[in-house]
Amino acid sequence: MAGQRVRWPAVVDRARQIVDGYAPLKVTLRQVTYRLVSTGVLPHTAPMYRRLSARLAQARREGRFPDLIDTVRDVHVPESWPDADTFVRQMPEWFRLDRTAGQQYALYVAAEKDTLRQQLTGWLAEYGIPVLVVRGFGSQSYADVVRRRTARDPREAHLLYLGDLDASGMDIERDWVQRTGCWSRVTRVLLTYEQVRAYGLPATEGKRGDPRWPAFARRYDLDPARPVQWEVEALEPHELQRLVLAAVAPYIDRQVLAEQIAREEAQRRALADFLGGWGTASG
């Protein structure tokens, strides 16, 4: 649609339909952008992404657009309660056992970017699976934290990895696996070149001058003069969720998980009973 005038009211309406279609899931601005790009509503350029962000922000201020996931901006304030009684009443709700206990492997799911963190933690909360956010070529301190954590667990540590398909993205995965050095098995769940072709995901312009690009282009028989990349957000959130849960499923012994959840609920009830007399005692 190069050279065409963008009809922003129609674009905002279509974007709202996309977000509403995923309810109760929330999505990121990038995911909305890729849905618009893949259907030819918008061209995929950095200036157009910024303009879409501004238009949707204005629509949210006017109450015409639902909230999107924003993993960066938050209000950081110490948690507080109106009184001790409220605090005590809420305590049983927070109690939780390690739901991975008794499973054969210590499973971790890693995302290259923070934009997927909220979705992954929500999808995997039932199973208690730890989520790692690599954030590019992550710090050695973070790699050390992960390695020490896995060393305390006698089970084999397995990693499911989600990252963009591009020259640097593939090297980020290699670097992370090498520097943590604690995985008995690593599986790349997303993105693969086969998935890009199967889903017809739109490519975006890659980083010119990336020294990793020539080898990446040769590996996938791409035009060496035209760097491209594919981002995880190009997948529809429901399909992304399905692929993640399908990769996790073989690791979950449902009977073991059900027994652990039953123990958790029993201990939560016991805690609630124990705290039930707090108000009378404190009075």
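Reader: Let's start with the strands. In β3, which residue is the bridge partner of Ala106?
Author: That would be Ala157. One thing to keep in mind from the start is that this is a predicted model.

Reader: Noted. And which residue of β3 is the bridge partner of Tyr108?
Author: Leu159 takes that place in β3. Both pairs belong to the parallel pairing of β1 (residues 106–111) with β3 (residues 157–162), which extends over 6 bridges.

Reader: How many bridges join β1 to β2?
Author: There are 3 bridges there, and β1 and β2 run parallel. As an example, Val109 has Val131 of β2 as its bridge partner.

Reader: So what is the strand order in the open sheet?
Author: The order is β2-β1-β3-β4, with 4 strands and parallel pairing. At the edges are β2 (131–133) and β4 (185–190), each of which pairs on one side only. From one strand to the next, the twist averages 25 degrees.

Reader: How do strands of a sheet pair in general?
Author: They pair through backbone hydrogen bonds, in either a parallel or an antiparallel way.

Reader: Back to β1. How many of its residues are buried?
Author: The count is 6 of its 6 residues, so to speak a mostly covered strand, going by a cut-off of under 20% relative accessible area. Ala106, Tyr108 and Ala110 point one way from β1, while Leu107, Val109 and Ala111 point the other way, and all are buried.

Reader: Which helix lies across β1, β3 and β4?
Author: That is α10 (residues 237–248), and it runs at about 160 degrees to β4.

Reader: Let me zoom out. How many helices and strands does the protein chain have?
Author: It has 12 helices and 6 strands. The C-alpha trace spans about 75 × 50 × 35 Å along its principal axes. Of the 283 residues, 45% count as buried.

Reader: And the contacts between residues at least 6 apart in sequence: what percentage join residues at least 24 apart?
Author: For those contacts in the protein chain, the figure is 75%.

Reader: Which residue has a positive phi although it is not a glycine?
Author: Asp221 does, at about 55 degrees. You will find Asp221 in the loop between α9 (213–219) and β6 (228–229).

Reader: Is Asp221 buried or exposed?
Author: Asp221 is exposed, and its relative accessible area is 71%. As background for both backbone items, most residues other than glycine have a negative phi, and most peptide bonds are trans.

Reader: Which residues line the largest cavity?
Author: They are Asp166, Ala167, Ser168, Gly206, Lys207, Asp210, Trp213, Pro227, Val228 and Gln229. α7 (167–180) and β6 each supply at least two of the lining residues. By class there are 4 nonpolar, 3 polar and 3 charged residues.

Reader: What about the second largest cavity, what classes line that one?
Author: Its lining has 6 nonpolar, 2 polar and no charged residues. Leu107, from the β1 strand we discussed, is one of the residues lining the second largest cavity. Others in that lining include Thr100, Gln103, Tyr105 and Tyr251.

Reader: Great, thanks for the tour!

Conventions. Residues are numbered from 1 along each chain as its sequence is written. This is a predicted model: local features need pLDDT of at least 70, side-chain atom pairs count only at pLDDT 80 or more; totals for chains, interfaces and linings use all residues. Side-chain values use heavy atoms; hydrogens and water are left out. Two strands pair if DSSP finds at least two bridges between them. Axes are lines fitted to C-alpha atoms, for helices over the stretch in contact, and angles run from 0 to 180 degrees between N-to-C directions. Contact means heavy atoms within 4.5 Å. Buried means under 20% relative accessible area, exposed over 50%, partly exposed in between (1.4 Å probe, protein chains only). On a 1 Å grid over the protein atoms alone, a cavity is a set of points where a 1.4 Å probe fits but cannot get out, and a pocket is an open set with protein on both sides within 12 Å along at least five of seven lines; lining residues have an atom within 4 Å of a point. Ala, Val, Leu, Ile, Met, Phe, Trp, Tyr, Cys and Pro count as nonpolar, Asp, Glu, Lys and Arg as charged, and the others, Gly among them, as polar.
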